[in-house]
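Reader: Please show me the model. I have some questions about its folds and contacts.

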Amino acid sequence: MSVVQTEQLTKKFGHFTAVDHISFEVGKGEIFGFLGANGAGKTTAMRMLCGLSKPTSGKGIVSGYDIHKDTEKIKRNIGYMSQKFSLYEDLTVRENIRLYAGIYGIKEKEIAPGTDLLLEELGFLKEKNTLVKSLPLGWKQKLSFSVAIFHNPGIVFLDEPTGGVDPSTRRQFWELIYKAADQGITVFVTTHYMDEAEYCNRVSIMVDGRIEALDSPANLRKNYECDSMDGVFHQLARKAKRQAD
Amino acid sequence: MNKIIQVQNLYRTYGKVQALSNISFDVEEGEIFGIIGPDGAGKTTLFRILTTLLLADSGSAFVDNCDVVKKYRDIRKRVGYMPGKFSLYQDLSVEENLQFFATVFNTTIEENYHLVRDIYVQLEPFKKRKAGALSGGMKQKLALCCALIHKPRVLFLDEPTTGVDPVSRKEFWEMLGKLKTEGISILVSTPYMDEAGRCDRIALIQNGAFLKIETPDKIKKDFALPLCAVHGKSMFALLKDLREFDGIYSCFPFGDTHHVAFKDESVSIEELRSYLEKKGHDDLILNTIGAGIEDCFMNLADGEVSL
Amino acid sequence: MKQFFIFVKKEFYHIFRDTWTMIILLLLPILLLVLFGYALSTEVRNTEVAVLDHSKDAATERIISLLDMSDYFDVIYFLDSPEEIHQIFSNESPGLVIVFSEDFYDNIVHTGEAAIQLLLDGTDPNTAVNISNYATTIIMGYQQELLEIFSAPFQIKITPRFLYNPEMRSSYNFVPGVMGMILMLVCAMMTSVSIAREKETGTMEILLVSPMKPLMIIFSKVVPYFFLSCINLVTILLLAVFLLDVPIVGSLVTLIVISLIYIFVSLALGLLISSVASTQIVALLISGMALMMPVMYLSGMMFPIENMPVFLQFVSNLIPATWYISAAKKIMIKGLGFSSIIRETIVLSIMAVVLISISFKKFKIRLE
């Protein structure tokens, strides 16, 4: 049962084709890495899958809902986290969770116990009433992710989630992702840290709006004869016509 | 060899946070010295003190034999500085920015063109474009040109490759390697562990203190524990089981494998393999590996970031 | 529905936790109301009056004391001859000069008609009309008093004359005010925003780590705005003269000199603001709150200073625009010479020197 399914998905802005007929599938509980250089089209593609932007042509199904017709249903059934924004800095940890839980329609009586459980698992129950702006960056990111999956969505979209944190925090973050995937939540993550691609079950690399490669990291490394994802990416990026200038 | 940077017992607080704690190190002339550590570790504070933009609470620092407090004017004439975020004039063109900085430093583009030529040729097709319209990688290249155009004695690069795509990152470091041959010393900070390998010597920094100062090779050699990379079908369950194994010192996910450090030589891979197989794991691949810089960092930093 | 409320709750949190927003939302209305309701008004009180009394008899004395007793007037100056009228307007700026004809009381009794001339400063037509009306009312009050004693009809003929602005154009009043405002706006606000922008984008860091002396950086910021202000000055004057028919009765050179001093003061203010503002928004807000508002309300541009409570008058005197507008009016509208604006010139010059010294001292050679 695939959680994401696209067929010839395309997005054009006037004469410019940002996403060029991409087709792929993502299975339940998979950690799927969506890679590509800036301008390759990954953000645009992700926005279509999140129901934030209507495709020009092609089909797409996310969690069983059509991305043309059921965008509102999609939004209610997915989780989303981005590097640029996640939590309100001038609200406390508890207030942020309350806010997002409320938005996603979690029942009132489930919110408080759910909050405590979440914080205990993360190990900062005592920061429940701390303003988010006082937390270190790594904690904010872990909290963001947990809040994004608080309502148990079928799939969570992560847009460049681990910028700027130290290696150990980054690892802890990926452990959270592993746990979520283990519980059956599909994780769709975009990143430009090529070494993070290694955490994923499968990875797709977009170049000039098209998917140029889609496979597990191990297979990609074998096929492109590189010992790291960095090398694979480098080879594919060389072909890019949409010059990063 | 002349020491181009000398720092002793530097301390600096911001309110309640101890940004720098007893920082001491030297940089030799012509060296590429890397400061490796995550956000908030204190790298930017250190750079600002050395470029005379901030005062330390205590301790001393000399750049090219000039005291950073008393002789700040001299230092400001001789160093090139690239602060963290892109700090050039977005509404001036590539050409105009370079012209501006050359003039500010009492030189011309022609005088030191040979230093920036390799980088500038990539920018040249876009020389009339406004700097704000360049991509991340190109902006950094332009910033580097502007920092170099007056042939500084020392280059201070604060996280020059953050947010830049991997291809440009690689090219940037190749350019830095070439600058070494011109006798320019470089102090560079980065959160990317893989870039550490390109420096002559590195200092690992966390929470305002240096964990270790050494050549990258020596740091890796000094990693005392046996290291093993483990891959299995279900990585999450693998992680849990690995951590419960008795002979393990630490276990961290590292992408498609988990890096496991044994407590000592007595623990063997075969032991680990049979333990895991008993736990029901399939498709196991276990290999002994040498430590990378990141393994060393994790080990030294105790793996937990405290508030 | 629940989601709506939770959003509303969140918005309240954002507001309560931001001190500046709270101040603006809650304190500002109070401040404005007090200011407008209490301190600022177009009413005229304690207007200084000069009297030229050719009769000096019981009637004129009575009228003078009625004027003095009222809240609106303070009779201060007593002139001896018509020649002194122009002088008193140049030197002291009374709101009203009242001239009684000869044999005032006798004329009332015998011919049934006596004349009073009201000479008013027409630069601000609204105020002038108000003053004229109040004076007329008081004089009519006297007429009423007399009628109760006298049965024979008589009339006091009151002739108001508006000096300097015979056609009662409001533009005469507001053009100097606008000049003060625009020059302050361009110089102070724009200079401070420009320097704050360098700090905000980080380019200031690079400039500091260079051979450039910090003072050079300041000067380079100030020069373009100085030139822009000069162009603005010329433009405003041209428009005022040719489009709005506002005269420059006095010396153009004097006007330009005092304008240049004022421009320096404004530039220095801009520098001062930029040394405390770390972002453009803050620079903009400070320029707006600390400069524009006082200039508009307290400089005498819209509301007469004489009517303000003493405390606000004191504040008004601290505002450079007050002095500049006063000088500009005297030169442009009243055609007075340099001697009449000596006070303004000295005050503005001192302000310029003091402000420039403070800004230089406060300019940081480091990041904090």
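Reader: How many helices and strands make up the secondary structure of chain C?

Author: This is a predicted model: local features need pLDDT of at least 70, side-chain atom pairs count only at pLDDT 80 or more, and totals for chains, interfaces and linings use all residues. Residues are numbered from 1 along each chain as its sequence is written, while chains are lettered from A and ligands numbered from 1 in the order in which they are written. Helices (H or I, at least four residues) and strands (E, at least two) are DSSP runs, numbered from the N terminus. Chain C has 14 helices and five strands.

Reader: Is chain C compact or spread out, and what is its radius of gyration?

Author: The C-alpha trace spans about 90 × 60 × 35 Å along the principal axes of chain C. The globule rule is 2.2 Å times the number of residues to the power 0.38, and the radius is taken over C-alpha atoms. For 368 residues the rule gives 21 Å; chain C is well over that, so it is more spread out than a compact globule, with a radius of gyration of 26 Å.

Reader: What percentage of the residues in chain C is buried?

Author: A residue is buried if 20 or more other C-beta atoms lie within 10 Å of its own, exposed if 12 or fewer, and partly exposed in between; C-beta atoms are placed from the backbone. Of the 368 residues in chain C, the buried share is 35%.

Reader: Which element of chain A gives the most residues to the side that touches chain B?

Author: Two residues are in contact if their C-beta atoms, placed from the backbone, lie within 7 Å. Chain A and chain B put in 31 residues each. Elements giving two or more residues on the side of chain A include α5 (137-148) and α8 (217-223). The top contributor, with 10 residues, is α6(A).

Reader: At what angle do α6 of chain A and α9 of chain B cross?

Author: Axes are lines fitted to C-alpha atoms, for helices over the stretch in contact, and angles run from 0 to 180 degrees between N-to-C directions. Angles under 35 degrees count as roughly parallel, over 145 as roughly antiparallel, 65 to 115 as roughly perpendicular and the rest as oblique. The axes of α6 (167-182) of chain A and α9 (235-244) of chain B come within 8 Å, and they cross at roughly 120°. That makes the pair α6(A) and α9(B) oblique.

Reader: Which residues of α9(B) meet α6(A)?

Author: From α6(A) come Glu175(A), Tyr178(A), Lys179(A), Ala181(A) and Asp182(A). Their partners in α9(B) are Met235(B), Phe236(B) and Leu239(B).

Reader: Which strands are the edges of the four-stranded open sheet of chain B?

Author: Two strands pair if DSSP finds at least two bridges between them. The order is β12-β13-β11-β14 in chain B, with antiparallel pairing. Each edge strand pairs on one side only: β12 (248-254) and β14 (285-289) of chain B.

Reader: Which residue in β13(B) stands opposite Cys228(B)?

Author: Strands β11 (227-231) and β13 (257-262) of chain B run antiparallel, joined by four bridges. Opposite Cys228(B) stands Val260(B).

Reader: What is the bridge partner of Asp158(B) in β8(B)?

Author: A six-stranded open sheet of chain B has the order β6-β7-β8-β3-β9-β10, with mixed pairing. Within this order, β7 (154-158) and β8 (185-190) of chain B run parallel, with five bridges. The partner of Asp158(B) is Ser189(B).
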